[in-house]
Amino acid sequence: MALQSPKLTRIGLAGLAVMGQNLALNIAEKGFPISVYNRTTSKVDETVERAKVEGNLPVFGFHDPESFVLSIQKPRVIIMLVKAGAPVDQTIKTLSAYMEKGDCIIDGGNEWYENTERRETAMAELGLQYLGMGVSGGEEGARNGPSLMPGGSFEAYKYIEDILLKVAAQVPDSGPCVTYIGKGGSGNFVKMVHNGIEYGDMQLIAEAYDVLKSVGKLTNEELKNVFSEWNKGELLSFLIEITADIFGIKDDKGDGYLVDKVLDKTGMKGTGKWTVQQAAELSVAAPTIEASLDSRFLSGLKEERTEAAKVFKSDGFSDILTEQEIDKKKLIDDVRQALYAAKICSYAQGMNLIRAKSIEKGWDLKLGELARIWKGGCIIRAIFLDRIKKAYDRNADLANLLVDPEFAKEIIDRQSAWRRVVCLAINSGISTPGMSASLAYFDTYRRERLPANLIQAQRDYFGAHTYERVDVPGSFHTEWFKMAKKKDN
């Protein structure tokens, strides 16, 4: 039986690529009639057809923007899921022409947070509300329950809170994976850092794979079993789960396993780069996330790496990997511990970046609450996030996750294994930039005194930048050059 269109729907969604379609179907499935619109009208028909097939869901398609906007009850709420940048501005222009004071637009894309703030100001002048909402979970999450990070107008958030609470991923012990993040572009910023942490996580997992495969000589079948086993303990997470799945997939176009046929060249959309740029702007050390970005850049130089491999083979650079006897069982356990310890550092860096931005912008972001809404639906969902939430519950002003008593103990317990893995990788000629950067971050952070005194002395020597002393307060400048010359004479 065909669905009868209600007088007016509860909400609208514009932008029907796969994420948009899936989110629209999710909203409809939760009992909210939804209007959908796309510039390419075939996508509208496709979505409406899917809604029929997937349970006669209340999805109503419109081929022109005016009838789409007018089909939604007031105050109207429209979610946009279009490509970041100019397409968002174009969609806003198209839709706002038919919207009225009090109506609201929500951008669900991976947008640069300042663009959201610019648009929020422009919308306010027209009497419209605006939210920038991070959506994580990929296609599957959008359909069955994503993690949602809305920021901007609190009034607009309250009006659609009932929808978001039902549409978001549900975690039994901690509720729906959505919360009002904060003012301005905070929702987009938090999603951006989430993606930066995701870069770090993926890089660390890839390094664990490389060490186990290249040094430990594990087969794909063994790797599948190892990652499946890891996914039952402290590393239980979406990314570990899908990694185990990947190792088990045979090639459908030839012999062997599909993972071995995938070109070793990683793509990216830009959120990882933005995260690293923001870390630099705010003077927040984020070496694990930076290492993951650099690794993607280097992976892109496939042709150059192929030539370099020939150069260093022909110049007698021996294949160190064949020279070692490896205890597989011990290596697997060491790599598990190293991966977990390095992961703590990556999340610590991401959380510190969010806090620094929150202070700069006056957003008053709650780090424990962010960890809670990342426990389900999103790509970095992991059992480990519950520990992070509890750490911030114990101390909301925690300077760094590394010094939380529980995380500190976990790192101390694992640091020997961590060091063994990094040393083994270095001695085997295998790069582990994420694990190494995490270890350097930990070793730097835990030391009371660093060689930075020498760097500051150098700065004062050549640029009269002054320095502070450990024994006397104040700023000092020394004529190092004259004193050195005098000493020589």
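At 48% relative accessibility, Lys 366 counts as partly exposed (buried means under 20% relative accessible area, exposed over 50%, and partly exposed in between, with a 1.4 Å probe and protein chains only). Its salt-bridge partner is Asp 364, with the closest N and O atoms 2.9 Å apart; a salt bridge is a side-chain nitrogen of Lys or Arg within 4 Å of a carboxyl oxygen of Asp or Glu. Asp 364 is exposed, at a relative accessible area of 54%. The structure is a predicted model, in which local features need pLDDT of at least 70 and side-chain atom pairs count only at pLDDT 80 or more, while totals for chains, interfaces and linings use all residues. Residues are numbered from 1 along each chain as its sequence is written, and side-chain values use heavy atoms, with hydrogens and water left out.

In total, 41 salt bridges are present in the structure. Glu 234 and Arg 414 form one of them, with 2.4 Å between the closest N and O atoms. Glu 234 lies in the loop between α9 (220-230) and α10 (238-247) and Arg 414 in helix α17, so the pair ties together parts that are 180 residues apart in sequence. Helices (H or I, at least four residues) and strands (E, at least two) are DSSP runs, numbered from the N terminus. Glu 234 is buried at 19% relative accessibility, and Arg 414 is buried at 12%.

A salt bridge also joins Lys 310 to Glu 307, at 3.1 Å from N to O. Both residues lie in helix α13 (residues 302-314), 3 residues apart, about one turn of the helix. Lys 310 is partly exposed, with a relative accessible area of 49%, as is Glu 307, with 43%. Elsewhere, a network of salt bridges links Arg 387, Arg 394, Asp 404, Glu 406 and Glu 410.

Helix α17 (residues 405-428) packs against helix α18 (residues 433-445) at an angle of about 135 degrees, with the axes 11 Å apart. Axes are lines fitted to C-alpha atoms, for helices over the stretch in contact, and angles run from 0 to 180 degrees between N-to-C directions. The angle makes α17 oblique to α18, given that angles under 35 degrees count as roughly parallel, over 145 as roughly antiparallel, 65 to 115 as roughly perpendicular and the rest as oblique.

In the contact (heavy atoms within 4.5 Å), Ile 411, Gln 415, Trp 418, Arg 419, Val 421 and Val 422 of α17 meet Met 435, Ser 436, Ser 438, Leu 439, Phe 442 and Asp 443 of α18.
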